[in-house]
Amino acid sequence: MQDPVPILSISIEDQIIRKLKEKDDESVALIFEHYSVALFNAINQILKNKMLSEDVLQEVLVKVWERGDSYDSSKGSLYTWMIRVARNTAIDKTRSKEFIRDGKSNSIENFVFNSGSVTEQKKIEQSNDVWETVDQLPENQRCLIDMAYFKGFTQKEISKELDIPLGTVKTRMRTALSTLRKIF
């Protein structure tokens, strides 16, 4: 027997997808309300600069709104698609002349930090692989991973939010993590 899919997260995603396809401005407000923290964190992990990350978040929201009608749900969830847009936009920012020029005038501390950029780039590539893998999990497991690791919910809060038993949340999380461990 297959586990029920959480209704709350699907209805919000479906609502946003419908509004994006209709080019309804309210879609951006819904994305900001439900996903801005996760998008900002994904961007800031790469840029490590709050103000710059906020600017890039605005670019990402515009890109998502402009490209929303081309989103294909058969290729992954809306959340994963938006995170990819955010990460790719942040990576593009690190390759921009402005970012590189500012990096050349950094202090010694920043130089030491930036000298590990090869390692950081490798981490970014690995994290993109993780996103693709998480996206392949069944919806009922992917949703829990999103809520626990990217939105900061505890297992107890997830249980209450999705109205499913705590034991079921723990079992699904354990199964999802086991699947991810086999791959990595």
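**View 1. Helix 8 crossing helix 9.** In this predicted model, the axes of helix 8 and helix 9 (residues 155-162) come within 10 Å and cross at roughly 125°. That angle makes helix 8 oblique to helix 9; under 35 degrees would count as roughly parallel, over 145 as roughly antiparallel, 65 to 115 as roughly perpendicular, and the rest is oblique. Axes here are lines fitted to C-alpha atoms, for helices over the stretch in contact, with angles from 0 to 180 degrees between N-to-C directions. The crossing is right-handed, so the near helix is turned clockwise from the far one by less than a right angle. Helices are DSSP runs of H or I with at least four residues, strands are E runs with at least two, and both are numbered from the N terminus.

**View 2. Who touches whom between helix 8 and helix 9.** From helix 8, Cys143, Leu144, Met147 and Ala148 meet Ile158, Glu161 and Leu162 of helix 9, with contact meaning heavy atoms within 4.5 Å. Sorted by class, this contact has 6 nonpolar, no polar and 1 charged residues. For the classes, Ala, Val, Leu, Ile, Met, Phe, Trp, Tyr, Cys and Pro are nonpolar, Asp, Glu, Lys and Arg are charged, and the others, Gly among them, are polar.

**View 3. Helix 8 on its own.** Helix 8 covers residues 139-150, and its 12 residues should span 16 Å at 1.5 Å a residue; the end C-alpha atoms sit 15 Å apart, which agrees. The expected span is 1.5 Å times one less than the number of residues. Of those 12 residues, 9 are buried, so helix 8 is largely enclosed by the rest of the structure. Buried means under 20% relative accessible area, exposed over 50%, and partly exposed in between (1.4 Å probe, protein chains only). The buried set includes Asn140, Gln141, Arg142 and Asp146. Just after helix 8, Gly152 takes a positive phi of about 80°.

**View 4. Lys170 and its surroundings.** Lys170 belongs to helix 10 (residues 166-183). With a relative accessible area of 37%, Lys170 is partly exposed. Lys170 and Gln155 are 15 residues apart in sequence, yet 7.0 Å apart in space, C-alpha to C-alpha.

**Notes for every view.** Residues are numbered from 1 along each chain as its sequence is written, and side-chain values use heavy atoms, leaving out hydrogens and water. Local features need pLDDT of at least 70, side-chain atom pairs count only at pLDDT 80 or more, and totals for chains, interfaces and linings use all residues.
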